[in-house]
Amino acid sequence: MSLDKLVKNVEQWSIDKGLDQADSSKQFLKVSEEFGEIAAALARGDKEALKDGIGDETVTLIILAKQNGLTLEECLGTAYQEIAGRKGKMIDGVFIKEEDIKEVF
């Protein structure tokens with residue numbers, strides 16, 4: 001199934017369950033809960049749990065966006081525009097944007 005179809009299915013599911021009209025601060029708690037599950041999966045090296053956690057996190061973010069009159073596509077588009085031309089470098093396995101790099105010699 002395409003990503004677009006999956007997102008539409010999640011949006012419709014949220015409407016069917018009334019989640020699209022729910023309190024987005026409560027939805028953010030679900031986002032945070034799923035974030036923790038991703039961290040636990042990484043800590044345990046559990047790839048299946050990681051896959052499930054990333055999927056669940058995506059679902060909670062789609063619903064959070066919908067609750068606030070946004071779409072996953074526009075949120076992701078905004079983020080991509082911000083990072084598309086970003087410069088920086090990898091330091092100890094983490095990408096650090098150029099303006100945050102502080103050379104100490």
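Predicted model: local features only at pLDDT ≥ 70, side-chain atom pairs only at ≥ 80, totals over all residues.
## Ground rules for this model

Helices (H or I, at least four residues) and strands (E, at least two) are taken here as DSSP runs, numbered from the N terminus.

Residues are numbered from 1 along each chain as its sequence is written, and side-chain values use heavy atoms, with hydrogens and water left out.

## Helices α2 and α3

Two packed helices are described by the angle between their axes and the distance between the axes. Helix α2 spans residues 24-44 and helix α3 spans residues 47-67; their axes come within 8 Å and cross at roughly 165 degrees. That crossing makes α2 roughly antiparallel to α3. The axes are lines fitted to C-alpha atoms, for helices over the stretch in contact, and the angles run from 0 to 180 degrees between N-to-C directions. On that scale, angles under 35 degrees count as roughly parallel, over 145 as roughly antiparallel, 65 to 115 as roughly perpendicular and the rest as oblique.

The crossing of α2 past α3 is left-handed, a label used if the near helix is turned anticlockwise from the far one by less than a right angle (right-handed if clockwise).

## Salt bridges

Side chains of opposite charge can pair when their charged atoms come close. A salt bridge here is a side-chain nitrogen of Lys or Arg within 4 Å of a carboxyl oxygen of Asp or Glu, and by this rule the model has four salt bridges. To say how open the partners are, buried means under 20% relative accessible area, exposed over 50%, and partly exposed in between (1.4 Å probe, protein chains only).

One of the bridges joins the side chains of K8 and E11, at 3.7 Å from N to O. These two residues are three apart in helix α1, so about one helical turn separates K8 and E11. K8 is partly exposed at 45% relative accessible area, whereas E11 is buried at 11%.

Another bridge links E48 and K51 at 3.6 Å, N to O. Both residues lie in helix α3, three residues apart, about one turn of the helix. E48 is exposed, with a relative accessible area of 53%, and K51 is exposed, with a value of 53%. There is also a bridge between R86 and E82, at 3.2 Å from N to O; R86 is partly exposed at 28% relative accessibility, and E82 is exposed at 55%.

## A nonpolar patch

M1, L3 and L6 make a nonpolar surface patch of about 350 Å². L3 belongs to helix α1 (residues 3-16) and is exposed, with a relative accessible area of 59%. Patches are made of residues with over 30% relative accessible area and no salt bridge, with like charges joined within 9 Å and nonpolar side chains (Val, Leu, Ile, Met, Phe, Trp, Tyr) within 5 Å.

## Two loop residues

Most residues other than glycine have a negative phi, and most peptide bonds are trans. D92 has a positive phi of about 50 degrees although it is not a glycine. D92 sits in the loop between β1 (88-91) and β2 (94-97), and is exposed at 79% relative accessible area.

Back at L70, this residue is partly exposed at 37% relative accessibility. The C-alpha atoms of L70 and G85 are separated by 24 Å, with the two residues 15 apart along the chain.

Terms used:
Areas by Shrake-Rupley, 256 points an atom, 1.4 Å probe, with all protein chains shown as cover.
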